[in-house]
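Q: Hi, I'm new to this one. Could you walk me through it?

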Amino acid sequence: MAGFGARRQNSESGPGRDASAMMSSVIGEYTSDTQQRKYLQTSDLRRLRNFQFAAKLIVEGSFQGKHRSPYYDYSAEFADYRPYTPGDEIRAIDWRAYARTDRFYIKLSRKETDMNCYLLVDKSNSMAYKDSGGVSKLEYASYMAAGLAYLIIRQGDKASLSLGDDALRAYIPAGGSQRHLQRILIALEQNTPGGETGLPATLATLFGVLKRKGLLIVISDFLDEPERVFSTLNMFAHKGFSVLLFQVLTDGEMFLPDADNALFQDMESPAFAVADPNAIRVAYQAELQAFLNEISTSAKARRMQYQLALTSAPYYEALEAFLTARGRM
């Protein structure tokens, strides 16, 4: 199971220095057109630079990330000894162990690996909803996806982006370069809401596309049938994926507007209703809370991580609060 943490890093030495160097490089890359960039502007980079997205996950591969691989190597982190057998490389013999025991032993270590993180952003029409003067749920989800992609790539892992509504509409394979990060940002900026909500179909298609397990991060309002959504998410869990769910809602959806009468328009059909929010608020919030409880309980039962995020809070505060909370676990 993946765990997450946010901690302040000393930028003068060690990994913090590398992270600061990458941040400076990325800032330099975007300085010339920062006014045209919507997501991950210079101000965002400065807010995110002290976060560390730490995912403790045993993964496949043998690149430069910070995660323990199930595969053994003759270098990196020490893991164990085993007796020497004919055919082993002479250089792998631990001569200190031989001096102590008069026997030949091979010193085994675990390879450090990269982790693939698959970001899925719901682009259905319901994600276009926004409160007066606020950002839409899709914009908020995109800010979160951009920030997470930056944090993932900054620590030496690989980020992938998928966009979907009732089907998978776009897929960018996992990559770990700054050019790849730019490709993700461009896709988020060009993305527009459209289509009906259909997370199960999108997830089922994505499951067939992904060949390597890793961390699946779904950012959506999850206004779908929870049973069908989690039935599809089960496929990822059974294959060894770790799953993180961000549910994005607005204050208006959570509490209803403060008005005598309001027109409630379905974002994905012609249906509408006129009602007094004050008259239905108690019953509405009871139904909504039952729905949210079903999602959070279903996630917990499957050892999936779940976080509710409201668009009234800056996205980076939501990320920091979540990462900090996970770091204490």
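A: Happy to! One term to begin with: helices (H or I, at least four residues) and strands (E, at least two) are DSSP runs, numbered from the N terminus. Serine 162, for example, is found in strand S5.

Q: Good. What should I know about the model itself?

A: This is a predicted model, where local features need pLDDT of at least 70, side-chain atom pairs count only at pLDDT 80 or more, and totals for chains, interfaces and linings use all residues. Residues are numbered from 1 along each chain as its sequence is written, and side-chain values use heavy atoms, with hydrogens and water left out.

Q: Back to serine 162, then: buried or exposed?

A: Serine 162 counts as buried, at 2% relative accessibility. Buried means under 20% relative accessible area, exposed over 50%, and partly exposed in between (1.4 Å probe, protein chains only).

Q: And what is serine 162 in contact with?

A: Leaving aside neighbours within four places in sequence, its contacts (heavy atoms within 4.5 Å) include Leu119, Val121, Ala170 and Tyr171.

Q: How far is serine 162 from leucine 188?

A: Their C-alpha atoms are separated by 9.7 Å, and the two residues are 26 apart along the chain.

Q: Let's talk cores. How many residues does the largest nonpolar core have?

A: It has 44 residues, and those with the most contacts inside it are Met144, Leu161, Leu188, Ile217, Ile219 and Phe246. A nonpolar core is a set of buried Ala, Val, Leu, Ile, Met, Phe, Trp, Tyr and Cys residues joined through side-chain atoms within 4.5 Å.

Q: Which element supplies the largest share of this core?

A: That's H4, with 13 residues.

Q: What does leucine 161 touch?

A: Beyond neighbours within four places in sequence, leucine 161 is in contact with residues including Ile172, Ile184, Ala187 and Leu188.

Q: Where is isoleucine 184, and is it buried or exposed?

A: Isoleucine 184 is in helix H5. It is buried, with a relative accessible area of 0%. Not counting residues up to four places away in sequence, isoleucine 184 touches Ala149, Ala159, Leu161 and Ile172.

Q: Tell me about H4. How many residues has it?

A: H4 has 18 residues and reaches 26 Å from its first C-alpha to its last, close to the 26 Å expected at 1.5 Å a residue; the expected span is 1.5 Å times one less than the number of residues. Of those 18 residues, 17 are buried, so H4 is largely enclosed by the rest of the structure. After H4 comes glycine 156, whose phi is positive, near 95°.

Q: New topic: how many aromatic pairs are there?

A: Nine. Rings of Phe, Tyr and Trp (its six-membered ring) pair if their centres lie within 6.5 Å; planes under 30 degrees apart count as stacked, over 60 as edge-to-face and the rest as tilted. Tryptophan 95 and tyrosine 98 make an edge-to-face pair, 5.9 Å centre to centre with 80° between the planes.

Q: Where do tryptophan 95 and tyrosine 98 lie?

A: Both lie in helix H3 (residues 95-101), three residues apart, about one turn of the helix. Tryptophan 95 is partly exposed at 47% relative accessible area, and tyrosine 98 is partly exposed at 29%.

Q: What about tyrosine 118 and phenylalanine 241?

A: Their ring centres are 5.9 Å apart and their planes at 50°, so the pair is tilted. This pair links distant parts of the chain, 123 residues apart: tyrosine 118 is in strand S4, and phenylalanine 241 is in the loop between helix H7 (226-238) and S8.
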